[in-house]
Every structure is written in structure tokens, then in C-alpha cells.
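Welcome, and please open your viewer. We will go from stop to stop, and at each one you will hear what to select and what is there.

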Amino acid sequence: MYSSERLKGIDVFVSVANAGSFTAAADRLNLTNSAVGKAVARLESRLGVRLFERTTRSLSLTDAGQAFYRTCQRVLGELEEAEHVLKADDTDPVGKLRIDLPATYGRLAVMPVIFDFMRAFPNVQPQVSFTDRFVDLVEDGVDVAVRIGGAETWPTPVGYRYLGRERRIFCCAPKYLERVGEMANDVNALERLDAVLYRRPDGTPSPWFLQQGDAPVEHCHPAAKLEVGSADSWVEAVVQGFGVAQLSTWLIEDRLARGELVQVFPSMAVDGLPLYLLWQRSRQLLPKVDALLTYFGDRLRI
């Protein structure tokens, strides 16, 4: 049995953390400063830890406070969501929906789908974040995520769907091709060219994926003419004629169509990383989550 004591003071604690002061939280909650301070003090006493660092000029969460705040936010958010579900028709998607996307793919390919989803389901309020790092859906309170790459299997609390695999081709600007002249369609010729590489968040350049015939795909690490840590700037560097890059087709479709980039070494095009749709299994039956999974599953393919 859970004691009701465990719930006391949580809403006050979260309000103080959000407001940044006891006075502001008291105004929002229509309580006195004294009542807010006593509620937080009782909560700290019950937990046996300090949740806030207090000075005469500032108020900040301790490390323990930060961890407890994330948990409380998630719990209160789920309670709010439960109320929305009870008040709404069983099949009516409604409420806040946390979505996390890869930065570039999310902006180019997923956001237009989310805009259409919002028009179809106006009572859903998406909260969209962009990150290329690993996301713990449960810990970070994410309902649905899209990921390029990652494990072939995901943790048990996470449901996932494979949506296809990106296609990677070698490209350069027409003016660069004119400058270097005719090239033999082989690896040796490729490795003599100026390589423009993507610099990953960990500071290492992404390799080239090479495959000859039916042999397994190998990773090649060419000497870089230029390394760029932004996908948009990476593509722009190639468009400006600084060298050759291996790029995913979803990233450069418009550039190819306009003739700003041309494919080279076509026989070396390879399949790249897989695309996954992820969600919290515990939230899968919520109408808003189910609706978004269906929407994404029908429209996100590479």
C-alpha cells in the first residue's frame, strides 16, 4: 500500500522549482510564503535530503533535488494525462505528446508530418525536442522517438518498429567534378579525392561505408580535407566545391534535383543506417500515442 503522505508537498516542490523562488510559487498556488516554505521543509525532512540550495539571493536545486524533480514532473504529467483521457472520448487523441527527433532528419522529414498530424488532431499538443544522442524514453519522459541507427534490439519497456534503411551515395559539386576531371569508378580513385566528412558529437569523423560486389560493407577512414559538425553546413561545403562526401539521399534530394550536387561512383552506393520508430510500451494504448504511431508508420519511410 502506498501512503498518501508520499504525495504531500510534491506539487508545491515542483511549483517552487519551476518558478525559481518561494514567493513566485506562493503567488501561483495562492498560498502564503510561509505555507510554501513549510511544505518544502516537511518534504525534505520526510525524504532525508536537501532539495534546494538557498542563499539570500538565489534558490537552486541540489543534485538530489534535480533527480527528484524529474521524477515528480513525470508523475504529475502522467496524472494530468490520465485526467485528460478520462474526460475525453475513448478514441479522441488529446493532451501533451513528448516527441524526440534526430536533429537534421527530424527537421527535414519529420516536422512536416507532425504539422499534418496537428491539423488532423487539433487537441494534441506536441512537445518536440531534437537530439542525436541516445534517449532513454522512460527516464526522459518521451512518448515517441524517431532514431536513425541504434541497437538492433531495444530495452523491454520500449516498443519499436523498423521503417527502412537510408541509402548513401557519393556526391560532389559539378564544379569540383570539372576541376578533377575524369575518374575511374574504383576505390583507389575515390581515396585520391578531397574528403569532406561529418564530425560526430563525440569529436570523431564518420567513416565512409564501402562495399565491393557481394562482400560485407567495410568502414573506410579517409584523410579529411574538411570536417564539419553540422549536417546542413556539411552539405553546403560539398555544394561549394570543397570535395566529395558520402551523403544520405534523404538529406540531399533537393540539391540533386536542382543540379547543385551530382552523384559520383554510383556502383559504390550502399545501404546506411536503419530508421526506427520507438515508443513507451506502457503508453502505447493512449489514443494520442496510438494515433501518432499510426501516422508516423504510414508516412516515415526511407
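**First stop: the start of the chain**

Select α1 and look at Ile10, Val12, Phe13, Val14, Ser15 and Val16, which are buried. Buried means under 20% relative accessible area, exposed means over 50%, and partly exposed is in between, with a 1.4 Å probe and protein chains only. Helices are DSSP runs of H or I with at least four residues, strands are runs of E with at least two, and both are numbered from the N terminus.

Before going on, a word about what you are viewing: this is a predicted model, in which local features need pLDDT of at least 70 and side-chain atom pairs count only at pLDDT 80 or more, while totals for chains, interfaces and linings use all residues. Residues are numbered from 1 along each chain as its sequence is written, and side-chain values use heavy atoms, with hydrogens and water left out.

Now click on glycine 20, which follows α1 and has a positive phi, near 85°.

Two packed helices are described by the angle between their axes and the distance between the axes. Here the axes are lines fitted to C-alpha atoms, for helices over the stretch in contact, and angles run from 0 to 180 degrees between N-to-C directions.

Show α1 (residues 10-19) together with α2: they pack at about 120°, and their axes are 8 Å apart. α1 and α2 are therefore oblique to each other; angles under 35 degrees count as roughly parallel, over 145 as roughly antiparallel, 65 to 115 as roughly perpendicular, and the rest as oblique. Their crossing is right-handed. A crossing has that name if the near helix is turned clockwise from the far one by less than a right angle, and is left-handed if anticlockwise.

To see the contact, select Val12, Ser15, Val16, Asn18 and Ala19 of α1 with Phe22, Ala24, Ala25, Arg28 and Leu29 of α2. Contact means heavy atoms within 4.5 Å. By class, this contact of α1 with α2 has seven nonpolar, two polar and one charged residues. Ala, Val, Leu, Ile, Met, Phe, Trp, Tyr, Cys and Pro count as nonpolar, Asp, Glu, Lys and Arg as charged, and the others, Gly among them, as polar.

Click on asparagine 30, in the loop between α2 and α3. Is asparagine 30 buried or exposed? Asparagine 30 counts as exposed, at 70% relative accessibility. Most residues other than glycine have a negative phi. Asparagine 30 is not a glycine, yet its phi is positive, about 60°.

Next, select α2 (residues 22-29) and α3 (residues 33-47), whose axes are 8 Å apart at an angle of about 110°. α2 and α3 are therefore roughly perpendicular to each other. Phe22, Thr23 and Ala26 in α2 meet Asn33, Val36, Gly37 and Val40 in α3. That contact divides into four nonpolar, three polar and no charged residues.

Select threonine 104, which lies in helix α5. Threonine 104 is buried, with a relative accessible area of 16%. Which residues does threonine 104 contact, leaving aside its neighbours within four places in sequence? They are Ala231, Asp232, Trp250 and Leu251.

Jump to arginine 192, in the loop between α8 (187-191) and β7 (195-198). Arginine 192 counts as exposed, at 64% relative accessibility.

Then find phenylalanine 265 in the loop between β12 (262-264) and β13 (270-280). Phenylalanine 265 is buried, with a relative accessible area of 5%. It has a positive phi of about 50°, although it is not a glycine.

**Last stop: zoom out**

The C-alpha trace spans about 80 × 50 × 35 Å along its principal axes.
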